[in-house]
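The sequence and structure come before the notes.

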Amino acid sequence: MVSFREMYGAVYIFENPEAERVKVGMTINHVADRLQSVNEMWLERRVTCQACGGRRLANDKALVPQHPSSQHGSPCPGSNALPLEKDLSLAEAHLENLKNRHSELSGSERGSATRIIRNLERRVGLYRHHTPPVGSWQFRIAFFAECAEQVELASHEILEEHLDRHAPFGEVFRCSVSEAMASPRFRSSRCVRDRA
């Protein structure tokens with residue numbers, strides 16, 4: 001069985017010049033599709049549900065569309081509500097409700113509720129000081145590698161001090177494209193086959 005870390009894929013760098021950020025990531029699909037998805041999230045067309053944290057394309061009213069709850073299959077309480085990018089009230093009420101019910105649970109239900117609470121606390125914290133994003137992402141370079149995830153992870157370790165912890169998604173760094181490419185693992189990894 002092939003490990004995901006050993007799969008052939010693209011390690012890419014996207015740049016947002018207006019926000020002065022770069023995004024280093026990897027994909028086993030088309031880089032252009034990944035760029036479109038990143039811009040949908042950044043420009044808040046793909047939004048975050050206040051209850052479950054799922055990302056969905058906003059409906060025509062800029063609300064999270066109707067979707068099922070991951071636990072019960074019934075509609076998620078975040079359906080047809082403002083996303084986390086616009087409001088926290090539903091998320092905070094949902095979090096408070098989960099915390100109040102937590103002591104009544106036991107076993108795997110309690111463990112599951114604990115994970116949900118931690119994830120919801122993290123998401124609320126991330127969006128508490130959310131400011132509307134500026135600019136958009138542009139393709140800069142991609143390296144194709146036999147072990148794309150290893151190259152990506154090593155690059156993230158090297159760029160850790162530049163990590164933007166307030167970005168609405170991961171792998172966003174406050175550095176230039178040349179700094180991101182300076183990672184020895186990124187530039188000279190034995191995994192890298194060619195550039196596109």
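Is Asp 164 buried or exposed? With a relative accessible area of 8%, Asp 164 is buried, where buried means under 20% relative accessible area, exposed over 50% and partly exposed in between (1.4 Å probe, protein chains only). The model is predicted: local features need pLDDT of at least 70, side-chain atom pairs count only at pLDDT 80 or more, and totals for chains, interfaces and linings use all residues. Residues are numbered from 1 along each chain as its sequence is written, and side-chain values use heavy atoms, with hydrogens and water left out.

**Asp 164**
- Asp 164 sits in the loop between H4 and strand S6 (172-173); helices (H or I, at least four residues) and strands (E, at least two) are DSSP runs, numbered from the N terminus.
- Its side chain makes a polar contact with the side chain of Arg 21 at 2.7 Å. Such a contact is a pair of N or O atoms within 3.5 Å; within protein, one must be able to donate a hydrogen and the other to accept it, and residues adjacent in sequence count only if both atoms are side-chain atoms.
- Neighbours within four places in sequence aside, Asp 164 is in contact (heavy atoms within 4.5 Å) with Arg 21, Val 172, Phe 173 and Arg 174.
- The C-alpha atoms of Asp 164 and Val 22 are 9.7 Å apart in space, while the two residues are 142 residues apart in sequence.

**Nonpolar cores**
- The largest nonpolar core has 16 residues, and those with the most contacts inside it are Ile 13, Val 22, Val 24 and Ala 180. A nonpolar core is a set of buried Ala, Val, Leu, Ile, Met, Phe, Trp, Tyr and Cys residues joined through side-chain atoms within 4.5 Å.
- At least two residues of this core come from each of strand S1 (9-16), strand S2 (21-27), strand S5 (138-145), H4 and helix H5 (177-181).
- Another core, of 14 residues, lies apart from it and includes Ala 10, Ala 19, Val 31 and Ala 142.
- Not counting residues up to four places away in sequence, Val 22 touches residues including Ile 13, Phe 14, Trp 137, Val 172, Cys 175 and Ala 180.

**Ala 148**
- Ala 148 belongs to helix H4 (residues 148-159) and is buried, at a relative accessible area of 0%.
- Ala 148 and Ile 28 are 120 residues apart in sequence, but 8.3 Å apart from C-alpha to C-alpha.

**Helices H2 and H3**
- Helix H2 (residues 89-102) and helix H3 (residues 107-127) pack at about 150°, with axes 10 Å apart. Axes are lines fitted to C-alpha atoms, for helices over the stretch in contact, and angles run from 0 to 180 degrees between N-to-C directions.
- H2 and H3 are therefore roughly antiparallel to each other, a label for angles over 145 degrees.
- Residues of H2 including Leu 95, Leu 98 and His 102 meet residues of H3, among them Ala 113, Ile 117 and Leu 120.

- Most residues other than glycine have a negative phi.

How values were computed:
Angles under 35 degrees count as roughly parallel, over 145 as roughly antiparallel, 65 to 115 as roughly perpendicular and the rest as oblique.
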